[in-house]
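Here is a short briefing to read alongside the structure. Keep the viewer open and follow each topic as it comes up.

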Amino acid sequence: MVEYNSDNLDSIFHALSDPTRRAMITTLAERKTCTVSELAEPFDMSFAAASKHVKVLEKASLLIRKVDGRKHFCTFSADKLDEARNWMDFYKKYWSERLDALEALLQHGENNG
């Protein structure tokens with residue numbers, strides 16, 4: 001089995017577990033760079049609440065925040081999503097192989113019965 005950093009995966013999946021944070025990531029993927037206020041705009045939330053979501057995404061390395069005066073600019077960082085995708089791909093391959101074996105076994109049984 002491929003080795004993965006459990007802490008990294010935990011923070012990535014925790015960050016992605018919230019629909020608001022997933023929407024923020026989608027916005028960043030489409031627009032490249034946004035302020036925290038722009039990320040909060042579609043939601044009924046304060047700047048402080050949006051900032052908490054941004055901190056979770058930042059901790060998971062799903063975004064990079066740069067401060068310029070009073071403005072906080074956020075940029076999407078897809079590298080960590082690759083780590084989560086690779087983890088899921090391992091299990092996708094595992095389960096595909098298991099289901100293919102089950103299908104072959106069932107077909108073999110039908111041919112003999």
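In which helix does Ser11 lie? Ser11 is part of helix α1. Please keep in mind that this is a predicted model.

- Ser11 has a relative accessibility of 16%, and because buried means under 20%, Ser11 counts as buried.
- The Ser11 side chain comes to 3.0 Å from the backbone oxygen of Asn8.
- Leaving aside residues up to four places away in sequence, Ser11 touches Lys59 and Ala60.
- Ala15 also sits in helix α1, and with a relative accessible area of 0% it is buried.
- Again not counting residues up to four places away in sequence, the contacts of Ala15 are Arg21, Val56, Leu57, Ala60 and Leu62.
- If you want a distance to check in your viewer, take Ala15 and Thr35: they are 20 residues apart in sequence, and their C-alpha atoms are 18 Å apart in space.
- Ser51 belongs to helix α4, where its relative accessibility of 10% makes it buried.
- Ser51 touches Val36 and Arg65, with residues up to four places away in sequence not counted.

**Helix α2**

- Helix α2 covers residues 19–31, and at 1.5 Å a residue these 13 residues should span 18 Å; the C-alpha atoms at its ends are 18 Å apart, in agreement with that.
- Which residues of α2 are buried? They are Thr20, Arg21, Met24, Ile25, Thr27 and Leu28.
- Viewed down the axis of α2, these buried residues fall within an arc of 160°, so they line one face of the helix.
- The background is simple: an α-helix has 3.6 residues a turn, so residues three or four places apart point the same way.
- Pro19 and Glu30 are exposed, on the face of α2 turned away from the buried side.
- Packing partners for the buried residues of α2 are α1 (6–16), β1 (33–35), α3 (36–40), α4 (47–59), β2 (63–68) and β3 (71–76).
- Lys32 follows α2 and has a positive phi, near 75°.

**Helix α4**

- Helix α4 contains 13 residues and reaches 18 Å from first to last C-alpha, close to the 18 Å expected at 1.5 Å a residue.
- Ala50, Ser51, His53, Val54 and Leu57 are the buried residues of α4.
- Down the axis of α4, the buried residues lie within an arc of 160°, so they line one face of this helix.
- Turned away from that buried side is a face with the exposed residues Lys52 and Lys59.
- The buried residues of α4 pack against α1, α2, α3, β2 and β3.
- Helix α4 lies across β2 and β3, and runs at about 125° to β2.
- Just after α4, Ser61 has a positive phi of about 60°.

**The sheet**

- What is the order of the strands in the open sheet? The three strands come in the order β1-β3-β2, and their pairing is antiparallel.
- Strands β1 and β2 are at the edges, each pairing on one side only.
- From one strand to the next, the twist averages 30°.
- β1 and β3 run antiparallel and are joined by three bridges; Cys34 has Cys74 in β3 as its bridge partner.
- Six bridges pair β2 with β3 in the antiparallel sense.
- Within β3, Lys71 is the bridge partner of Asp68, and Phe76 stands opposite Leu63.
- How many residues lie between β2 and β3 in their hairpin? There are two, and Gly69 in this turn has a positive phi of about 70°.

Definitions and conventions:
Residues numbered from 1 in each chain as written. Predicted model: local features only at pLDDT ≥ 70, side-chain atom pairs only at ≥ 80, totals over all residues. Heavy atoms only, no water. Helix = DSSP H or I, 4+ residues; strand = E, 2+ residues; numbered from the N terminus. Expected span 1.5 Å × (residues − 1). Buried < 20%, exposed > 50% of the residue type's maximum accessible area, 1.4 Å probe, protein only. Arc of directions from axis to C-beta. Contact = heavy atoms within 4.5 Å. Pairing = 2+ DSSP bridges. Axes fitted to C-alpha atoms, helices over the stretch in contact; angles between N-to-C directions. Polar contact = N/O pair within 3.5 Å; in protein donor to acceptor, adjacent residues only side chain to side chain.
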